[in-house]
Amino acid sequence: MSNIPAFGLGTFRLQGQVVIDSVRTGLELGYRAIDTAQIYGNEAEVGQAVAESGVAREDLFLTTKVWVENYRKDKLAASLEDSLRKLRTDYVDLTLIHWPAPGNGVPLDEYMTALAGVRARGLTRQIGISNFNIDLTKQAIAAVGKDAIATNQIELSPYLQNPKLVGFLQAQGIHVTSYMTLAYGKVLADATLGAIAQRHRATPAQVALAWALRRGFSVIPSSTRRENLASNLLAQTLRLTDGDMAQIAVLERNGREVSPDGLAARWDD
């Protein structure tokens, strides 16, 4: 059973001083889970912000993701050690395989076994996957066992609700982490979410995040603005009604924002 925080701070696309400021502000506001990745090119800046924050390491939950070029068993551990140096820590709380990349020549069994190996060495407390469809999640389960997979971090928003994959993961007891929950901001102008927000004296962003939390997902929204970082956190206290949830359910439109060629597998319809 995973113990992944329900609310975290994403750092995708944030670089340099921008990510330092975002993480520093987030920690000041009370965020304690930070999500990064090798390919984001910002692990060192995240590590700097964390180190300068004064927040004790044991109070933080740090996630990183192994990039495709490091999947081979002779590279994965060394790449994670490099991530730890950049993050200025002896361990991360969660390490994910970033994309299944089915055509990249490294068998799934090899990289999942290597991932289990770094957990056994104590470099990471938990391991998981990201952007895996049902078939590849089954293969990952076959490789390391479903109890070893703390989460599948996938794109989910009111416009991309992915019911088959979510249903499968929840039936397996694999925790779901939602990224891109605001669909690059597209859901913020949605009339239905706007009306729900008005009823609750909330913002559309809070409504989208509260929807994901009510579904049992963890969320990792990012922002560079203090007011948005603070506002997003308040989604945790927003209680949507069953009627609200039903209204959001019909917004599904398979509105996927991220599906890179060569990295993504075929998505479940």
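These notes go through the predicted model point by point.

1. Basis of the model. This is a predicted model, in which local features need pLDDT of at least 70 and side-chain atom pairs count only at pLDDT 80 or more, while totals for chains, interfaces and linings use all residues. Residues are numbered from 1 along each chain as its sequence is written, and side-chain values use heavy atoms, with hydrogens and water left out.

2. Fold and overall size. The chain has 10 helices and eight strands; these are DSSP runs, with helices (H or I) of at least four residues and strands (E) of at least two, numbered from the N terminus. Its radius of gyration is 18 Å, close to the 18 Å given by the globule rule for 269 residues, so the chain is as compact as a globular protein of that length. That radius is taken over C-alpha atoms, and the rule is 2.2 Å times the number of residues to the power 0.38. The C-alpha trace spans about 55 × 45 × 30 Å along its principal axes.

3. Burial. Of the 269 residues, 55% are buried. Buried means under 20% relative accessible area, exposed over 50%, and partly exposed in between (1.4 Å probe, protein chains only).

4. Nonpolar cores. The largest nonpolar core holds 85 residues, and V23, Y71, W99 and L240 touch the most other members. Helix α8 (residues 204–214) gives the largest share of this core, seven residues. A second, separate core of six residues includes A33, L94, L96 and A150. A nonpolar core is a set of buried Ala, Val, Leu, Ile, Met, Phe, Trp, Tyr and Cys residues joined through side-chain atoms within 4.5 Å.

5. Contacts. Leaving aside neighbours within four places in sequence, L240 is in contact with I196, H200, V207, A210, W211, R214, M245 and I248. Contact means heavy atoms within 4.5 Å. Among contacts in the chain between residues at least 6 apart in sequence, 76% join residues at least 24 apart.

6. Residue D109. D109 lies in helix α4 (residues 108–120) and is partly exposed, at 47% relative accessible area. From S22 it is 87 residues away in sequence and 36 Å away in space, C-alpha to C-alpha.

7. Two backbone angles to check. Most residues other than glycine have a negative phi. M180 has a positive phi, near 55 degrees, and Y184 also has a positive phi near 55 degrees. M180 is in the loop between β7 (175–179) and α7 (191–200), and Y184 is in the loop between β7 and α7. M180 is buried at 15% relative accessible area, whereas Y184 is partly exposed at 39%.
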